[in-house]
Each structure stands twice: as structure tokens, then as C-alpha cells.
Amino acid sequence: TGSCIGKIALAKESPLMTFQNIFLEEENGWYLLVASYAPRVVCFFLMLVLNTTSMELFLKGMNESGSVAGTGLATAANFACSALYGLLLWNETVNTTWCIGFCFVLIGVVLLSQVQSKATRDEIKKVD
């Protein structure tokens, strides 16, 4: 999500750039030009906040489910969100190769979620 907001703030094809170009062409005053930068600045700082929050949640997830499973889940979620944002906001296409790659990532996440660490196996043995 943070990367999508960053793309909205900084990409040439962003709707905000189109909005800003309107103000550049009209020459209605410097205050309008400054106002046209405000949404881009807000989006940039929102991107920083979202990425920081995402990293915090990623680290918490790694502590709870282990680093391997946490990384796999984060990768799969990032992959899916990137495709969804690309389709909905940027009219990007998803080809067969991408879909196959995503299936492999999902298979990897399922396999990683089935693996138990040595510490977990030892705890299960103690309970039995």
C-alpha cells in the first residue's frame, strides 16, 4: 500500500501530476502552484507512515510465526496487493507468467506454514 501511495505521489503518469500540470499551464499565481504540490507531499509522508507501519507489523509477524513463515506471508501479500493496485489504478496487465509465479509463491507459503521449528516440536513432545 505504501508503494502504491508513493507511486501516486511521484510517478509521471500519476493523476496528481496531471492536476499539477494544469496549474503550471494556467499561471494563476505561485500560491496555486504551491497548493498543487500539497497532495504530492501528503502522499509522500503517507507512504513513509504506511511503510513504517508495514515494517512494524512484519517484524511482529516474524516473532509470532517465525522468520521463514513471516517472510513468505509478507511476500505473498505484497505480490497480491501489487497486482491488485496495478490492475485497478494503473491499468497494468497480469500475464500468465505472473500468475504462475504467484501460484508458486502461494505453494511456498503453504509449505512453509506446515514446517515446525525444532523448538515447537520439542514443546509438543513435552506436552505428550
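Ile8 touches Ser14, Leu16, Cys43, Leu89 and Trp90, residues up to four places away in sequence not being counted; contact here means heavy atoms within 4.5 Å. The structure is a predicted model, in which local features need pLDDT of at least 70 and side-chain atom pairs count only at pLDDT 80 or more, while totals for chains, interfaces and linings use all residues. Residues are numbered from 1 along each chain as its sequence is written, and side-chain values use heavy atoms, with hydrogens and water left out.

Ile8 also belongs to the largest nonpolar core, whose eight residues are Cys4, Ile5, Ile8, Ala9, Leu16, Cys43, Met47 and Trp90. H1 and H3 each supply at least two residues of this core, and its largest share, four residues, comes from H1. A nonpolar core is a set of buried Ala, Val, Leu, Ile, Met, Phe, Trp, Tyr and Cys residues joined through side-chain atoms within 4.5 Å. Helices are DSSP runs (H or I, at least four residues) numbered from the N terminus.

The lining of the largest pocket receives at least two residues from each of helix H1 (2-10), helix H3 (30-65) and helix H4 (67-90). H3 gives the most, with nine residues. Of the 18 lining residues, Ser54, Met55, Phe58, Ala74 and Asn78 lie nearest the centre of the pocket. A pocket is an open set of points on a 1 Å grid where a 1.4 Å probe fits, with protein on both sides within 12 Å along at least five of seven lines; lining residues have an atom within 4 Å of a point.

Met55 is found in helix H3. Its C-alpha atom is separated by 9.9 Å from that of Ala74, 19 residues apart along the chain.

Terms used:
Buried < 20%, exposed > 50% of the residue type's maximum accessible area, 1.4 Å probe, protein only.
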